[in-house]
Structure formats: C-alpha cells, structure tokens
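Hi there,

Here is the structure I promised to pass along. My notes on it follow below.

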Amino acid sequence: MKKIVLASKSPRRQELLGMLGIPFEVKVSDAEEIITHTDPAKVTEELSLQKAEAVAREITEAVVIGADTVVAVDDKILGKPKDKEDARAIIHLLQGRSHMVYTGVTILVKGNDVQHIETFSEGTKVKVATMSEEEIETYIASEEPYDKAGAYGIQGIFSKFIEGIEGDYFNVVGLPVHHLYRKLREKTYLEKSLT
C-alpha cells in the first residue's frame, strides 16, 4: 500500500479520513487557489485538484487526497463570514429553506511522475428550520460561524436547526467517506485487510 497523504489542515477532514482505519499523513500547501468555474460542484473539484497537485509537487511517492467543501444557495457559493453582519446575512439566507453542500475530492497517485488523477464531487441537500431573530442572534454571538463555509457546522451547535438532509452526512462535515473509500478500494490503494 502506498503512503496516503491528506492535503488538508481541517481537523474535521482528518477525523473523517481516520474513520477509514488507514494510516495517513497530513501535508498542507499554501498554494494560491484559482477558481475558473461558477458551478459549485465544479469549483470544489477544481480546488481539490489544486490542493492535491500542490502537495504532490513536494513529495516523491504517495496517494495524495485533496478536498474542498462549499455551501451553495441557488448555485451561489457562500464563503466563511467576514464578520458578525456577514454571519447574520448568511444565516438569514439559509434559515427556513434547503441548500446544497458540495465536497470535491481528488485522488492523485504520485510515483516517479503523476501516475493517476481522479476527481469527483458529492452533493448533499440540507434543510434548515425557520429560526427566530433571537435564535439567529444567539447563534452568531457564538464562535461557531466564523471559521466555516456557510457560517455553520452541521456537527456543532447549529445541528439543532437542521431539519434533515438528503445524501451523505459526512459530506457536509467535509469528506464523503463512503464515496472516497469506494474509490480507494476500487483502485486497490488500500490493504486487502481493510476492505
């Protein structure tokens, strides 16, 4: 089995990859992210590829996994809130309706040269309950919204406002665990004892 390297500093992603029961290392690149697409799913694929390629340039041999997650309403990507006003606007936009969360993943196999690149994305529909002004204000006064795309983490205190999801829960957290496991298994990048 080749060494597996996760090209992400996200503790949530590291925890999710750890759920596969495989050893891996973390290496983060500070390469500039360049977006050329407008479709949210394609944006995540593009950014996951850039992250994987940047880390692959710094190592000799490994299976590099890059990932990127975005929250989108009506195909408009919502980033991390810049401040309290921005967080309030984002939560107002999300509450009482459904939105999509996309995670793009790139599996890049590096040997003497790049041997294989596969990029895919997964979408999960998330329904947020109608929230009162008091609930919104209490939430944005917490620390949670400010380091997360879409101003929330489904696994955090915002979970009480999630009415339901259609698709992979772990995808919303930051990595489509089953989809990634299936791809790694199909390409035999995992030891047989793990499959």
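Let me begin with a loop: A151 sits between helix 4 (133–140) and strand 7 (162–166), where helices (H or I, at least four residues) and strands (E, at least two) are DSSP runs numbered from the N terminus. A151 has a positive phi of about 65° although it is not a glycine, and at 0% relative accessibility A151 is buried (under 20% relative accessible area; exposed is over 50%, partly exposed in between, with a 1.4 Å probe and protein chains only).

D74, also not a glycine, has a positive phi of about 50°. D74 belongs to the loop between strand 3 and strand 4 and is exposed, at 64% relative accessibility. For context, most residues other than glycine have a negative phi.

A word on the source: this is a predicted model, with local features needing pLDDT of at least 70 and side-chain atom pairs pLDDT 80 or more, while totals for chains, interfaces and linings use all residues. Residues are numbered from 1 along each chain as its sequence is written, and side-chain values use heavy atoms, without hydrogens and water.

On the surface, M19, I165, Y169 and F170 make up a nonpolar patch (residues with over 30% relative accessible area and no salt bridge, nonpolar side chains Val, Leu, Ile, Met, Phe, Trp and Tyr joined within 5 Å, like charges within 9 Å; a salt bridge is a side-chain nitrogen of Lys or Arg within 4 Å of a carboxyl oxygen of Asp or Glu). M19 lies in the loop between helix 1 and strand 2 (25–26) and is partly exposed, at 45%.

Best wishes

Technical notes: Areas by Shrake-Rupley, 256 points an atom, 1.4 Å probe, with all protein chains shown as cover.
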